[in-house]
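Good morning, colleagues. I would like to present the aromatic pairs and nonpolar cores of one structure. Please look at the model first.

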Amino acid sequence: MDGGHRLTRDQARRIAVRAQLLTDPRPTGLMDVVRHLSLLQNDPTTVVAPNAELVLWTRLGDAYEPGDLGDAVDRGDVVELQGMLRPAADIALYRAEMAAWPGASTGWPEAQRRWVDANDDCRRDVLAVLDERGPLPAAALPDTTLVPWRSSGWNNDRSVRMLLDLMVARGEVAVAGREGRVPLWDLAERVYPDGPTVPLEEARRERDRRRLAALGIARPRTTATPVEPNHVGEAGEPAVVDGLRGTWRVDPSYLEGDGEDRAALLSPLDRLVFDRKRMTELFAFDYQLEMYKPAAKRRWGYWAMPVLHGDRLVGKLDAAADFDAGALRVHALHEDGRWSATLRSDVEREVARLAAWLELAVRPTD
């Protein structure tokens with residue numbers, strides 16, 4: 001391909017791992033990591049630790065203490081947008097999209113706009129209550145919808161919750177924090193920082209650029225995904241990867257230099273593995289999140305954590321934190337292929353570090 005980079009799969013993997021800050025030396029600053037990764041999925045599942053906390057510990061190690069991320073949210077350095085924790089300054093890249101909501105004038109976006117318009121009185125009631133009493137959970141907000149939300153069943157009877165999601169897309173309300181797993185809602189102007197609005201197309205290009213900086217290598221176009229795309233448009237430079245079809249985009253800053261290999265225990269929602277198609281193409285890693293499968297059909301465990309060693313995904317850790325017993329219960333450590341003594345020692349050391357971070361003792365399951 002004229003003007004493009006030709007990469008081996010080994011090179012592509014190392015770029016992906018390095019871009020995700022999973023080599024030595026580790027970064028040391030929480031906000032440096034958040035800004036570089038651009039987002040942390042704020043999933044509340046806590047089998048070992050909440051996803052966002054686990055992602056940060058995997059990068060920062062002992063430099064990260066549980067609660068540091070919550071402190072950053074409380075300070076307003078980090079904000080939640082559509083289930084993703086992002087640097088507050090990045091809200092400037094979404095303001096134009098909020099102002100243009102719903103964007104498309106046909107299909108599902110137009111149906112959403114009509115539904116919001118039909119419930120404009122309820123929208124105004126929600127804004128008035130939040131203005132007077134916010135932040136509040138959704139259960140404390142008035143449901144004065146005239147047209148209830150109708151879906152295939154999952155979100156029926158959740159009209160206020162669905163309205164809040166669309167009001168986030170419009171830039172009117174925002175998640176101001178959480179009580180446990182329950183979001184607290186407030187007026188967006190009291191949560192998001194003041195700042196300029198980046199023009200829509202410029203903002204999209206910048207978001208593509210930052211996404212590629214966090215991924216290192218990605219497809220220019222992929223199947224659409226909710227909230228955050230996996231593709232990067234025309235960001236970076238074109239590349240082909242030996243043995244893989246089609247074109248990629250690579251951030252050229254990763255073409256030179258390298259980090260030192262290390263072991264890492266990844267959340268199942270970690271950005272390195274979250275795009276399962278990309279994970280399979282680059283790493284040839286056989287993995288699924290099995291928490292929604294019946295126990296008898298699970299191969300690796302309810303919340304099995306992918307194990308990274310160097311530029312290879314080499315296995316899965318099936319473990320759960322039992323804080324009442326003071327134990328990180330290791331149900332299994334699944335090996336993909338045959339592990340060397342050095343590899344096993346590196347991984348077991350990382351399991352011990354995970355337990356120490358959680359202030360637990362490693363205990364195998366009987």
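Is Y64 buried or exposed? At 1% relative accessibility, Y64 counts as buried, where buried means under 20% relative accessible area, exposed over 50% and partly exposed in between, with a 1.4 Å probe and protein chains only.

A word on the basis. This is a predicted model, in which local features need pLDDT of at least 70 and side-chain atom pairs count only at pLDDT 80 or more, while totals for chains, interfaces and linings use all residues. Residues are numbered from 1 along each chain as its sequence is written, and side-chain values use heavy atoms, with hydrogens and water left out.

Let me turn to the aromatic pairs. Six of them are found in a search of the whole structure. Rings of Phe, Tyr and Trp (its six-membered ring) pair if their centres lie within 6.5 Å; planes under 30 degrees apart count as stacked, over 60 as edge-to-face and the rest as tilted. The pair of Y64 and W357 is tilted, because the ring centres are 6.3 Å apart and the planes stand at 45 degrees. Y64 lies in the loop between α3 (51-60) and α4 (68-75) and W357 in helix α13 (residues 341-357), so this pair ties together parts that are 293 residues apart in sequence. Helices (H or I, at least four residues) and strands (E, at least two) are DSSP runs, numbered from the N terminus. W357 is also buried, at a relative accessible area of 10%. Together with W57, Y64 and W357 form one aromatic cluster.

The rings of Y287 and W300 are stacked, because their centres are 6.1 Å apart and their planes are at 15 degrees. Both Y287 and W300 are buried.

Next, the nonpolar cores. Such a core is a set of buried Ala, Val, Leu, Ile, Met, Phe, Trp, Tyr and Cys residues joined through side-chain atoms within 4.5 Å. The largest has 42 residues, and L40, L56, L317, L354 and L358 have the most contacts inside it. Elements giving two or more residues to this core include α3, α4 and α13. Not counting residues up to four places away in sequence, L354 touches V48, L54, W57, L265, M305, L317 and L328, where contact means heavy atoms within 4.5 Å. A second, separate core of 37 residues includes L93, V160, V175 and W185.

Thank you for your attention.
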